[in-house]
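My entries follow in the order of looking.

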Amino acid sequence: MQDLKNVIAKNIIRLRQNAKMTQIELAERLSYSDKAISKWERAESMPDITVLKVIADLFEVPLDYLVTEEPELPKEKPVLPDKRHNHKVITSLSILLVWFVATLCYVLIDVIVVDVQNHWLVFLYALPVSCVVWLVFNSIWFNTRYNYLIVSVLTWTVLASAVISLFVFSISAWQLLLLGIPGQVIITIWSRLEYRKK
């Protein structure tokens, strides 16, 4: 059994390095922790057959490649655009679109409405909207383990936007920021539950 663990470990390392992928990147693709990947590569543990199949599919090799001693490296295929790169570009463009719309609103209000003083608030409101867009795309394409960080930023930007907006209209409501403390505790506990579940 230890020989099989060693064979699988060497083959995973070879495939990962051949793909110029870090342990963290492989962990994200497989929805496992980088500690699990590290254990597999040190032959301390072995992924089960379903995970081996996912790894084989990810690196586009037959399943028996992973359990064969000294297998031939798969022939290089033509380089196709990386989906993750495209996903990052689309996410960035979507967030920039939020700021474009905020700028457009600022300019239109400045041009159309006379004597407006607080139209800069549109940029303040663009912060939580950007977080919502980021959260949506992260949930669809990226590692959902990091959603709690985005939700934290979203919570504090919503609270800060509310406090600053009220302050602009001479209403002191700094106490709203206190809601962020139990909110942050809830988000932190939720993040641990999600992480352990995976």
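For handedness I call a crossing left-handed if the near helix is turned anticlockwise from the far one by less than a right angle, and right-handed if clockwise. By that rule H6 passes H7 in a right-handed crossing.

I note that this is a predicted model, in which local features need pLDDT of at least 70, side-chain atom pairs count only at pLDDT 80 or more, and totals for chains, interfaces and linings use all residues. Residues are numbered from 1 along each chain as its sequence is written, and side-chain values use heavy atoms, with hydrogens and water left out.

**H6 and H7.** I took helices (H or I, at least four residues) as DSSP runs, numbered from the N terminus. H6 and H7 pack at an angle of about 160 degrees, and their axes are 10 Å apart. Axes here are lines fitted to C-alpha atoms, for helices over the stretch in contact, and angles run from 0 to 180 degrees between N-to-C directions. H6 and H7 are therefore roughly antiparallel to each other; angles under 35 degrees count as roughly parallel, over 145 as roughly antiparallel, 65 to 115 as roughly perpendicular and the rest as oblique. I sorted the residues of this contact by class and got 17 nonpolar, 5 polar and 1 charged. Ala, Val, Leu, Ile, Met, Phe, Trp, Tyr, Cys and Pro count as nonpolar, Asp, Glu, Lys and Arg as charged, and the others, Gly among them, as polar.

**H7 and H8.** I went on to H7 (residues 121–141) and H8 (residues 147–168), which pack at about 165 degrees with axes 9 Å apart. That angle makes H7 roughly antiparallel to H8. The crossing of H7 past H8 is left-handed. Contact means heavy atoms within 4.5 Å; on the H7 side the residues include Leu 121, Pro 128 and Trp 134, and on the H8 side they include Ile 150, Thr 157 and Val 168.

**Rings.** I paired rings of Phe, Tyr and Trp (its six-membered ring) if their centres lie within 6.5 Å; planes under 30 degrees apart count as stacked, over 60 as edge-to-face and the rest as tilted. The count is 4 aromatic pairs. The ring centres of Tyr 106 and Phe 123 are 5.3 Å apart with planes at 45 degrees, so I logged this pair as tilted. Tyr 106 lies in H6 (residues 83–112) and Phe 123 in H7, so the pair ties together parts 17 residues apart in sequence. Ring pairs link Trp 99, Tyr 106 and Phe 123 into a cluster. Tyr 106 is partly exposed, at 27% relative accessible area; buried means under 20%, exposed over 50% and partly exposed in between (1.4 Å probe, protein chains only).

**H2 and H4.** Helices H2 (residues 23–30) and H4 (residues 49–58) pack at about 115 degrees, with axes 11 Å apart. They are therefore roughly perpendicular to each other. Their crossing is right-handed. I see Leu 26, Arg 29 and Leu 30 of H2 meeting Val 54, Ile 55 and Leu 58 of H4.

**Gln 23.** What does Gln 23 touch, not counting residues up to four places away in sequence? I found Arg 16, Asp 34, Ile 37, Ser 38 and Glu 41. Gln 23 is in H2 and counts as partly exposed at 26% relative accessibility. In helix H3 (residues 34–41), I find Ile 37, Ser 38 and Glu 41 among the buried residues.

Note on methods
Helices (H or I, at least four residues) and strands (E, at least two) are DSSP runs, numbered from the N terminus.
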